[in-house]
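I opened a notebook on this structure to keep track of what I looked up and in which order. The entries follow below.

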Amino acid sequence: MRTLIKNGTVVTATDQYAGDVLVEDEKIALIGTSLDIQADNVIDASGKYVLPGGIDVHTHLDMPFGGATSADDFETGTRAAAFGGTTSIVDFAIQYRGQTLHDAWEAWTKKADGKAVIDYGFHMIITELTDQVEGEMDALVRQGITSFKLFMAYPGVFMLDDASIFKALLRTGTNGGTICMHAENGGVIDVLVQRALAAGKRAPKYHALTRPARAEAEATHRAIALAEIADVPIYIVHLSAAEALEMVTEARDRGLPAFAETCPQYLFLSYDNYEEPDFGGSKYVMSPPLRDKAKQDQLWRGLAFNDLQAIATDHCPFCMKEKRLGQDDFSKIPNGAPGIETRMSLVYDGGVRTGRISLNRFVELTSTSPAKIFGLFPRKGTIAPGSDADIVVFDPNRTITLSAKTLHMNVDYNPYEGRQVTGATDTVLSRGRLVIENGTFVGRAGAGSFLKRATRS
Ligand code: URP
Ligand code: ZN
Ligand code: ZN
């Protein structure tokens with residue numbers, strides 16, 4: 001099977017040029033100009049960018065959390081991802097207390113197998129680190145689950161103590177895995193939450209007001225310090241606060257291998273959203289919370305100057321019915337929001353078109369750099385002969401209006417409802433197969449494969 005993508009502008013993390021791309025079966029076979037080659041399918045990309053498929057390394061599909069289950073499963077979630085120009089995800093499997101990592105992996109494999117439309121990998125969330133679990137970390141790394149998420153927040157549910165965190169970090173020093181950290185000081189936050197509730201402060205905005213930026217910065221600093229003592233790299237997930245970014249920047253300036261991602265919601269939404277009437281603020285209840293608008297420029301600078309290396313989504317959607325579990329108590333609102341479909345357009349529109357980041361940096365942040373950090377490069381994350389033919393034909397001039405009614409995520413609201421963005425995904429190939437063709441879904445549930453990821457090099 002041959003597909004020829006003609007007349008487009010190929011963009012990678014480093015290059016931008018007029019070129020035709022020949023795909024043979026699952027791989028990119030050849031890149032050239034005016035390729036005159038017979039193909040089964042010819043895609044005209046005139047006036048469009050030909051990008052490596054987006055890689056979203058932070059999703060929560062079909063995840064039980066806070067008394068509800070995230071609304072997108074692996075079928076609806078990966079379909080929505082594809083609509084938005086994402087061709088690989090790395091989702092978070094959860095080891096619940098008393099469970100082995102292997103059981104958790106099996107449970108998440110059942111959720112994904114036969115459903116995923118695009119390729120998927122897993123990080124493993126560790127909530128209990130026994131000696132046996134430590135040994136299992138090595139086994140998982142050998143099986144291609146090469147990263148582990150630990151929580152410094154959610155005491156009694158996910159939170160690990162510093163000794164366990166330190167042991168897990170040490171283990172990645174020998175097995176080549178990577179620790180991904182949810183960095184918020186859960187103990188401090190818990191006290192603030194209890195005090196707010198006791199004072200009758202129950203509205204959604206108190207979710208943000210009880211999770212101060214300094215609690216994120218403190219945990220970020222502590223996580224990096226523990227990784228420094230263990231002499232291993234660390235990756236901070238969903239960084240939202242400029243104060244936390246300062247900790248990452250300081251560490252990187254000292255030459256430490258500290259990495260961090262942020263998410264579109266922290267770049268485009270802000271604390272003000274929590275003030276929306278009629279329980280509207282609940283749509284934005286996520287952890288860490290949205291921050292002051294005035295601090296967003298610092299995140300953009302971090303992205304431009306490589307103190308932040310990736311933009312992921314933390315896609316964790318709950319419908320309003322589930323959000324209403326916390327109608328009278330903000331601490332019972334399930335944490336999370338949708339975003340898997342809107343990442344590429346939002347970042348292109350708000351990042352590239354405004355001049356905050358270059359087009360190459362856009363590709364790097366949404367595809368190449370996450371592929372490198374999480375052991376997928378050069379199979380994924382670039383357009384080069386031999387790489388998987390995960391390709392997005394992206395129209396930089398098409399304007400779309402973001403709305404729950406027209407987007408494909410399985411959730412009844414959108415945090416960006418009514419926002420117009422310019423830059424949209426037209427056509428998507430996943431390992432050479434058409435998944436989205438001129439905005440229409442032509443893929444198949446179950447076509448996505450498990451990604452066995454490499455260790456750190
Ligand atoms: O609020 C969030 N972020 N929900 C998903 C779970 C997590 O901590 O990433
Ligand atoms: Zn988290
Ligand atoms: Zn998350």
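Entry one, the two metals. I began with the gap between the ions and found that 3.9 Å separate the zinc ion (ligand 2) from the zinc ion (ligand 3). Before going further I noted that this is a predicted model, in which local features need pLDDT of at least 70, side-chain atom pairs count only at pLDDT 80 or more, and totals for chains, interfaces and linings use all residues. I also noted that residues are numbered from 1 along each chain as its sequence is written, that chains are lettered from A and ligands numbered from 1 in the order in which they are written, and that side-chain values use heavy atoms, with hydrogens and water left out.

Entry two, ligand 2. I looked up the protein donors of the zinc ion (ligand 2) and found Lys149 (NZ), His182 (ND1) and His238 (NE2), lying 2.1 Å from it; donors are N, O and S atoms within 2.8 Å of the metal (3.2 Å for Na, K and Ca), and sites may look incomplete because water is not among the atoms. Along the chain these donors follow the spacing K-x32-H-x55-H. Lys149 sits in strand β11 (residues 147-151) and His238 in the loop between β13 (234-236) and α8 (242-253), so that the pair, 89 residues apart, links distant parts of the chain; helices (H or I, at least four residues) and strands (E, at least two) are DSSP runs, numbered from the N terminus. Lys149 has a relative accessible area of 1% and is therefore buried, where buried means under 20%, exposed over 50% and partly exposed in between (1.4 Å probe, protein chains only). His238 is likewise buried, with a relative accessible area of 1%.

Entry three, ligand 3. For the zinc ion (ligand 3) I listed His58 (NE2), His60 (NE2) and Asp314 (OD) as the protein donors, lying 1.9 to 2.1 Å from it, and their spacing in sequence reads H-x1-H-x253-D. Which arrangement do the 4 donor atoms around the zinc ion (ligand 3) make? Their angles run from 90 to 132°, so the arrangement is tetrahedral, a term that for four donors requires all angles to lie between 85 and 135 degrees. I then checked burial: His58 counts as buried because its relative accessibility is 0%, and His60 is buried with a relative accessible area of 4%.

Note on methods
Four donors count as tetrahedral if all angles lie between 85 and 135 degrees; four count as square planar and six as octahedral if opposite donors are over 155 degrees apart and all others between 65 and 115; anything else is irregular.
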